[in-house]
Amino acid sequence: MSVLKSIIEANKRGEQRGIFAVCSAQPLVLRAALRHGVATGSPVLIEATANQVNQFGGYTGMVPADFIRFVESLAEAEGLPRERLLFGGDHLGPVVWKHLPADEAMDKAEAMVRAFVKAGFEKIHLDASMGCQGEAEPLGDSLIAARAARLCKAAEEAACGRPLCYVIGTEVPPPGGVASLHALEVTPVPAIEQTVAAHRMAFDAAGLSDEVWQRVIALVVQPGVEFGHSDIHQYNSSLLDAQRRFIRRQPGLVYEAHSTDYQLPEHYKSLVADHFAILKVGPELTFALREALFALDHIEALLVPQAKRAGLRALCEDKMQADPKFWQHFYTDPLARDWQLGFSYSDRIRYYWPELSQAIDTLLFNLKDPIPLPLISQYLPLQYSKVLRQALPATALSLVLDHISLVLERYEDACQLSAIKG
């Protein structure tokens, strides 16, 4: 709370301060983020989504307490002090169970929120924006807010006096990305005002105190950023004059931007300056991971006998074709599917990494010795000069983590986190 509060206060004063949330459960992505935090001296905010982690295990197989222990073990191995590690729960609501009747879905969402809080998560995104079985979308602000307040009350009860902070909002991009990119409009100020008013009223109706409301730190709105399979909707600061004026009048409240992946570096700086003080990143990190792993797959084919190769890229394609549930509703164009499976910005391949962990380990083991420089120049050119300067080992693991860190560096530069010690 104290770290997030200091960042938000600085941002509200007009300083170039923000924080980015690493929304991933992938071990190599997490290692890169933790290693980045050690190198910069910055706090590290790690977030788990309801799809990744929940009381039933999510697609990672981890319940919230498992996830905390897992990240803490990685942080200890990387040398990041525990006090600089922050945990957030993303899209905590009925999203996983929206196929069920609302009462049943909300019961499960409430149990999930309790599990997250009891495990030690401290930043809670209350997301009840999706309709459940038989409900027409979009839901009204009042219903969304009432469900969010119910989840907040469950969180407060589970916290037993430990102060949490909350994120609210009704214009929340769907977790996991969009199937196609369409024309985006920024959230108009009247809609933002209605969202805040509806949530304040719902919190009061649920018996939540003013002190709890003061710990609502951020509001999710649409700033006009999104990505599709091969397109990126870049941020345009000039469209948000009214939104900037509104948030400046709200004490202790900033915006949280979702789907900020793949923006140009200058747009991250503009987002933070426009009081989007919390930036979410996830698919771009696993996209960078995939880039590096596929590059290493090419290198492995040149250096390792066929019988010993991991053959990761071919395994990825086989696994995705055999079990299409994570991409079939996204990659619907049969003429584009061949390249989208491996290379789409939507990065649906990330859902298959847990099942391919052994193949990744084999690939990294096969290339544990220094890789010839010409091959690094060919397949991982962004790391080549660092290797030449002896600032980076020419081994597979170091190359992968460094490639992921290039994404983190753009966010760090925009947020200037190293100026705020956790």
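User: Why is D347 called buried?

Analyst: In this predicted model, D347 has a relative accessibility of 1%. Buried means under 20%, so D347 counts as buried. D347 sits in the loop between α12 (337–343) and α13 (357–366).

User: What makes the phi of D347 worth a note?

Analyst: Phi of D347 is positive, about 55°, although D347 is not a glycine.

User: Which residue other than glycine has a phi near 75°, and where is it?

Analyst: Y262 has that positive value. Y262 lies in the loop between β9 (254–257) and α9 (265–273).

User: Why does Y262 count as buried?

Analyst: Its relative accessible area is 8%. The cut-off is under 20%, so Y262 is buried.

User: What joins E137 and P138?

Analyst: A cis peptide bond, with omega about 0°. P138 is in the loop between β4 (123–126) and α5 (141–159).

User: Why is α10 described as largely enclosed?

Analyst: Of the 21 residues of α10, 16 are buried, so the rest of the structure largely encloses this helix.

User: How do you know that the span of α10 is close to the expected one?

Analyst: Helix α10 (residues 283–303) reaches 30 Å from its first C-alpha to its last. At 1.5 Å a residue, 30 Å is expected.

User: Why is Y411 called buried?

Analyst: Relative accessibility of Y411 is 0%. Buried requires under 20%, so Y411 is buried. Y411 belongs to helix α16.

User: What does Y411 touch?

Analyst: Leaving out residues up to four places away in sequence, Y411 touches F20, T260, D261, Y268, L279, K280, V281 and E284. Contact here means heavy atoms within 4.5 Å. L279 has its own list of contacts, including I19, F20, A257, Y268, Y411 and C415.

User: Which residues have the most contacts inside the largest nonpolar core?

Analyst: They are I46, F67, L279, L296 and W353, in a core of 144 residues. Helix α16 supplies the largest share of this core, 10 residues.

User: How many cavities of 30 Å³ or more does a search of the whole structure find?

Analyst: The search finds 1. About 60 Å³ of space lies in the largest cavity. Its lining has 13 residues, and F20, A33, H36, P43 and V44 lie nearest its centre. α2 gives the most to this lining, with 4 residues.

User: What is the make-up of the lining of the largest cavity?

Analyst: The lining divides into 8 nonpolar, 4 polar and 1 charged.

Conventions:
Residues numbered from 1 in each chain as written. Predicted model: local features only at pLDDT ≥ 70, side-chain atom pairs only at ≥ 80, totals over all residues. Heavy atoms only, no water. 1 Å grid on protein atoms, 1.4 Å probe; cavity = no way out; pocket = protein on both sides within 12 Å on 5 of 7 lines; lining within 4 Å. Points joined across faces, edges and corners; volume = space filled by probe spheres on them. Helix = DSSP H or I, 4+ residues; strand = E, 2+ residues; numbered from the N terminus. Nonpolar A, V, L, I, M, F, W, Y, C, P; charged D, E, K, R; others polar. Expected span 1.5 Å × (residues − 1). Buried < 20%, exposed > 50% of the residue type's maximum accessible area, 1.4 Å probe, protein only. Core = buried A, V, L, I, M, F, W, Y, C linked by side-chain atoms within 4.5 Å.
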